[in-house]
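Me: I would like to go through this model with you. Could you take my questions one at a time?

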Amino acid sequence: MNSKDHPGQNRTLDESYSNTKASVLPSERRELRKKQLEIIAKVSKSITGTLDLNRLLKRITSLVHKEFGYPFVHIFLVHYVPQTIEFAFGSGARAKDYKNIKVSFDIQSPIGLIPLAVRTRQTQLSNDVSNDPQYLLYKPEDAVTNSELVVPLVYGDQILGVLDVQSDKINAFDTEDIEVLETLSAHIAIAINNANMYRSEVWRRRGAESLRDIALLLAENIKLDDLYQTVFKKMQKLLPSTIASIWLYEPVEEDESPSILKLVSSRTSQKNIKKPRDIMIDIADVWFKEVLEKDNAIIRLTGDPSDPFYQRGYLIEKFSAIAAPLSTGGKQLGVLLLHENSFGRYGNEARNITASFAGYTAVAIENSRLSAESVDQAWVSTILLQVALATQTLTTIPDLIETIGQLTIALIDGRLGGILMPQPVGSGYFMPALYGKVNQQQADTISAEVFNEDVFTEIKFDEIERAVPASDFTEKFRKLFKLRDNDVVLLFPLVAHNQTMGILMHVTKSELHHTDPERLLGKQRFTLLRGIAQQTAINLQNINLVHERQEESYISNVLLQLSNYFVTSGSLSRALELLCESLYTLIGAEDVLILERNEDGSYFVRSLRSVHLSKTEENQFLGKKFPREIFDPLKKEGDGIKLFVKPHAWYKQLGLANTKVNQSKANELETLIAPLTVPAEDYGLFLVTLRDLKVRDHRKTLLVEIADQIASAVQNNHLHYVQNLQTLIEREFQLARQIQKTFLPEKLPDIPGYDIAVQWQTARDVGGDFYDAFEVKPGYTGLIIADVSDKGLPASLYMTVSRTLIRAIALEDISPAQTLERVNHLLQLDSSQGFFVTVFYGVLEQATGKMEYCIAGHNPPYFLNFAKKKVTQFPRGGIALGAMDPIHLRNELIQFEPGDACALFTDGITETFNPHGMPFGNQRFERSLAKAFNATAQELLDIVERDVEAFRDGAPTADDTTFLVIKRLNE
């Protein structure tokens, strides 16, 4: 039994459902369904407010265990860096053992229901694990598991883990279990995601507090080695590390590039590990050379042994490591390393926090060097530190710009400036706020504009500071900022963690035009402005992260509320109606329209709500059809676009708007159109009209997410219909197969002095091959093998007709050739379907071993001569039955001596193909038969079957297969 979405061996989902629920009355089933939904709501409500991950997982497993009565309930969580899924929490007798032995799986493991559920993101069910090759035995090995249901926990496009339910009973789960747990899993995934976000935020806050402490130490001008040890202590409280170390470049001549790193400080977290000292390495000989080449922190994921601590025996073979460059102001000083004696311990968050510590440490190192070189440079560093302290608590971009502006004008001089940020959608930059000598009207006008100056794009790609004369900008730009002829615009890229956040723009007056910023400002002021830009980038990134978290939280809450409609409403139509109704309150929508796509490409109104229409008017529009040509222009704009923004006139062309709406107010509306798509499927369009839509409006992101929810719900509704239809078709095929099998001998006859065996297998549920063995008259046995020209249900019906005619005429005691000629005539009476059938028919005289036979287009059988140990093929026969009328066939004769055998077969054997497209063929078949001179009839079948399966090597079967062997026994 393979593991897939079914309730167990030899049982379909509907059979399981009918067997377990047949005795439940409709009213009782409604009550049962109501109770299940109440339990789901209860569990969801109970876990919604829990942000501590451990408490959350304990509560989830406990509630599912208690409320649904499942014996063993576990949650496994995905760990992306090591690509494993690990036991997190559970309820039931074996949860404690799972935790103690740390049960985990490789996500790419070829067996195991849990890894399979993670890879496919689909529910996996095995209702009899003892017969399931996909099932992977857990420890402890004495724990009895007979059924297992694994439901993936998916949030958005990310799989967080699985809900694993086990039972010691066979066939413990049915479709209602799947439906209930899949519904519940959506709520569980949201709760786990929220807990993960909260934990990450707490972790980041601790990191920010540690970084703040480091920044304060910089102001106290402490010794570098003391600073190093403080940095190590702070980092090891946040991140697991066996060894933390700092390596600096050895000094070289001014025109040379440094290549030798020296260990200047280290700290171990274990007393039994000796502190490394006095190590020097060539950067070309270690795995983290990429860090300095790309000036970016990296995580060691491979088994590269070129590590200075591993080579000196400080680390085990499977260790984890992070390397972050110590760089500041474009100058590389060395590298900060973290090592941990276990595999896969670091992820992206750990890399980012290490990079932040490395950045502060690099500043401290450079500050120390600068202090030794120049008192003025020390003053610059102090100022930049004060800038960092002054801006680190700011939470909005206007506050950040105001503070940065005051400091910049005081330190650098100048007139005005601001931050240019890239558009979230499309090209160009916008300026959310300004500082300096600007009035409110000018600030509002500038904030509403989008700038497409070429120099902004250049800075985005090369990240190089520029001093641009006012005359190089467009007239519109000069007019908006009131630039004078002697103004120079300083543009500094805002780069944090290798990401360009925007551009710091500062307008100053200078007689120097077309020169670099350092020459224009002087080294000291240039260094200050560069430092201000770097600190601004860090603060801007932090502010964006806070806003993103707030927006994600809002969107998650709205999506959770809307997703409940699809769970509790009972039908897709009702769910869409409730969703449209809710968008009035949630986002201030005035019109909400869902258009579903027909197979011919046209669209119809599936759901509609409008503040401008009465309920009666809305109902009149339901089902209204629109030709595809209306929406073709959207397709031409781009298939990958998630959201189109159109004027309200676009919506009015659909004829769904109330003509009495005030025209001036209608012009304030905009129409947002989100395609309802999933991969490779287009289900329709989701349209919403909004007032006061901003360029950067979080409602746009929300509508795209809602569109994805609607598309998934429509797809699920379609799939449910298709599954029901498929179930009916499968039942019909099962019935057809049962009927077909009744036309084949239930048991082969006992023939005195002979051994007979048969193998029959269809390529589909039903097929066109058939065989027969029956008494023609006392002492004479008829043997038939035949193959209809097609496969599937039509061939099976033609097979039953052919088999019935052959047996009926054969009993008239006429020769094989006469029998088949008469059958051909009868088949030709209705030849409109174009079928034909190839037949071998032989009559064996038991006493003498003589067999008179006739071949009508069929594969000639093989004869195994026992005395000569030779395999030969019968001569070819005449034309197949049903092709034309009349036909003339001839009789042939063969003599069976003791030990001789005859192999009758259809071309499903010789035309079996391997994965490379090569057929098994007659020669391989003859070699297989040659192995079986001393075998029984059944053993001969088994020998050939093994050879064919080995040759096929897993390739799918393409044709029906029938193989009948009759052998004369040795006297």
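Me: What sort of model is it, and how are residues numbered?
Reply: This is a predicted model, in which local features need pLDDT of at least 70, side-chain atom pairs count only at pLDDT 80 or more, and totals for chains, interfaces and linings use all residues. Residues are numbered from 1 along each chain as its sequence is written, and side-chain values use heavy atoms, with hydrogens and water left out.

Me: What is the average pLDDT of the protein chain?
Reply: The average is 81, and 83% of the residues score at least 70; pLDDT is the predictor's confidence in each residue, from 0 to 100. Over residues 1-24 the pLDDT is below 50, although this stretch has 59 contacts in the model beyond near neighbours in sequence. A contact means heavy atoms within 4.5 Å. Where pLDDT is low, the predicted coordinates should not be read in detail.

Me: How many helices and strands are there?
Reply: The protein chain has 28 helices and 34 strands. These are DSSP runs, numbered from the N terminus: helices are H or I with at least four residues, strands E with at least two.

Me: And what share of the residues is buried?
Reply: Of the 971 residues in the protein chain, 49% are buried. Buried means under 20% relative accessible area, exposed over 50%, and partly exposed in between (1.4 Å probe, protein chains only).

Me: What about contacts along the sequence?
Reply: Taking contacts between residues at least 6 apart in sequence, 64% join residues at least 24 apart.

Me: Which residues of α7 are buried?
Reply: They are Leu227, Tyr228, Gln229, Val231, Phe232, Met235, Gln236 and Leu238. Helix α7 covers residues 224-238, 15 residues in total. Its span from first to last C-alpha is 21 Å, close to the 21 Å expected at 1.5 Å a residue; the expected span is 1.5 Å times one less than the number of residues.

Me: Changing topic, where is Pro886?
Reply: Pro886 is in the loop between β31 (870-873) and β32 (892-895). A cis peptide bond joins Asp885 to Pro886, with omega about 0 degrees.

Me: What is phi at Asn171?
Reply: Phi of Asn171 is near 55 degrees, a positive value in a residue other than glycine. Most residues other than glycine have a negative phi, and most peptide bonds are trans. Asn171 sits in the loop between β6 (158-167) and α6 (175-219), and is partly exposed at 34% relative accessibility.

Me: And Asp295?
Reply: Asp295 has a positive phi near 55 degrees. Asp295 lies between α8 (289-294) and β10 (298-300), in a loop, and is partly exposed, with a relative accessible area of 34%.
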